[in-house]
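This report describes selected local features of one protein model. Please consult the sequence and the structure while reading.

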Amino acid sequence: MKIRGNIIDENPRVPAQTVPFRHKMPVQMRFTDIDMLGHVNNNAYLSYMDLAKVAYFSEALPAGMDWRTVSSVIVHIDCDYFSPAYFEEPLVVLTTVISVTQRSFLMEQRVINDVTKQTKCVSRTTMAGFDPKTATGKPLDRTWIEHVARYESRDL
């Protein structure tokens, strides 16, 4: 087995993590998440990761998420699948912010089996600052960046 950051995985195709994951959310799997092959369907992973993003920001930001205001939107997602997951498998989503620029940030998420530590998929999501009143991009709020950096225990 190869130790890849704080995740142990024997699959050499799984990329090594570049920063630690500080957020972990258990997956509540539903029967409807399973496809006709008996695997978790690929779109279910995206739903798990969306829920984990909400949980991450609710934990990282002192006041939690304010859903009446939108300050960032997803502009790109990529997801690589490494191993199938099955119904009732103990899955968790690990989430971190990899980097931040003035106008966007990059998140990495991994769905893993919490017992075997086998990586099911790795996703990277770019989110950009957004002003819903003008429907245009905007710089990220400095205070938001400071809170996330504090949560991550590192400079972003």
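## A buried threonine and its surroundings

Thr125 counts as buried, at 1% relative accessibility; buried means under 20% relative accessible area, exposed over 50% and partly exposed in between, computed with a 1.4 Å probe on protein chains only. The model is a predicted one, in which local features need pLDDT of at least 70, side-chain atom pairs count only at pLDDT 80 or more, and totals for chains, interfaces and linings use all residues. Residues are numbered from 1 along each chain as its sequence is written, and side-chain values use heavy atoms, with hydrogens and water left out.

Thr125 is placed in strand 7. Helices (H or I, at least four residues) and strands (E, at least two) are DSSP runs, numbered from the N terminus. Not counting residues up to four places away in sequence, Thr125 touches Lys53, Ile74, His76, Ile77, Phe105, Leu106 and Met107, where contact means heavy atoms within 4.5 Å.

## Lys53 and Met107

Lys53 belongs to helix 1 and is buried, with a relative accessible area of 7%. Residues up to four places away in sequence being left out, Lys53 touches Ile74, Met107, Gln109, Thr125 and Met127.

Met107 lies in strand 6 and, at 1% relative accessibility, counts as buried. Although Met107 and Lys53 are 54 residues apart in sequence, their C-alpha atoms are 8.9 Å apart in space. Apart from neighbours within four places in sequence, the contacts of Met107 include Lys53, Tyr56 and Phe57, as well as Thr95, Thr96, Val97 and Ile98. Ser123, Arg124, Thr125 and Met127 are also in contact with Met107.

## Packing of helix 1 against helix 2

How are helix 1 and helix 2 oriented to each other? Helix 1 (residues 42-60) and helix 2 (residues 142-152) pack at an angle of about 95 degrees, and their axes are 9 Å apart. The axes are lines fitted to C-alpha atoms, for helices over the stretch in contact, and angles run from 0 to 180 degrees between N-to-C directions. The two helices, helix 1 and helix 2, are therefore roughly perpendicular to each other; angles under 35 degrees count as roughly parallel, over 145 as roughly antiparallel, 65 to 115 as roughly perpendicular and the rest as oblique.

Helix 1 contributes Tyr56, Phe57, Glu59 and Ala60 to this contact, and helix 2 contributes Trp144, His147, Val148, Tyr151 and Glu152. These residues divide into 6 nonpolar, 1 polar and 2 charged. In this division Ala, Val, Leu, Ile, Met, Phe, Trp, Tyr, Cys and Pro count as nonpolar, Asp, Glu, Lys and Arg as charged, and the others, Gly among them, as polar.

## The two sides of helix 2

Within helix 2, the residues Trp144, Ile145, Val148, Ala149, Tyr151 and Glu152 are buried. Seen down the axis of helix 2, these buried residues fall within an arc of 160 degrees, so they line one face of the helix; the arc is that of the directions from the helix axis to the C-beta atoms. An α-helix has 3.6 residues a turn, so residues three or four places apart point the same way.

The cover over the buried residues of helix 2 includes strand 3 (23-26), helix 1, strand 5 (91-100) and strand 6 (104-113). On the other side of helix 2, Arg142 and Arg150 are exposed.

## Cysteines

The structure holds 0 disulfides, a disulfide being a pair of cysteine sulfur atoms within 2.5 Å. Cys79 is in no disulfide, and the nearest cysteine sulfur, that of Cys121, is 3.9 Å away. Cys121 is likewise in no disulfide, and at 0% relative accessibility Cys121 counts as buried.

Asp131 is in strand 7 (residues 119-131) and is partly exposed, with a relative accessible area of 22%. Neighbours within four places in sequence aside, Asp131 is in contact with Thr136 and Lys138. Asp131 and Val73 are 58 residues apart in sequence and 9.5 Å apart in space, C-alpha to C-alpha.

Most residues other than glycine have a negative phi. Ala135, which is not a glycine, has a positive phi of about 55 degrees. Ala135 lies in the loop between strand 7 and strand 8 (136-137) and counts as exposed, at 54% relative accessibility. Ser153 also has a positive phi, near 60 degrees. Ser153 is found in the segment after helix 2 and is exposed, with a relative accessible area of 55%.
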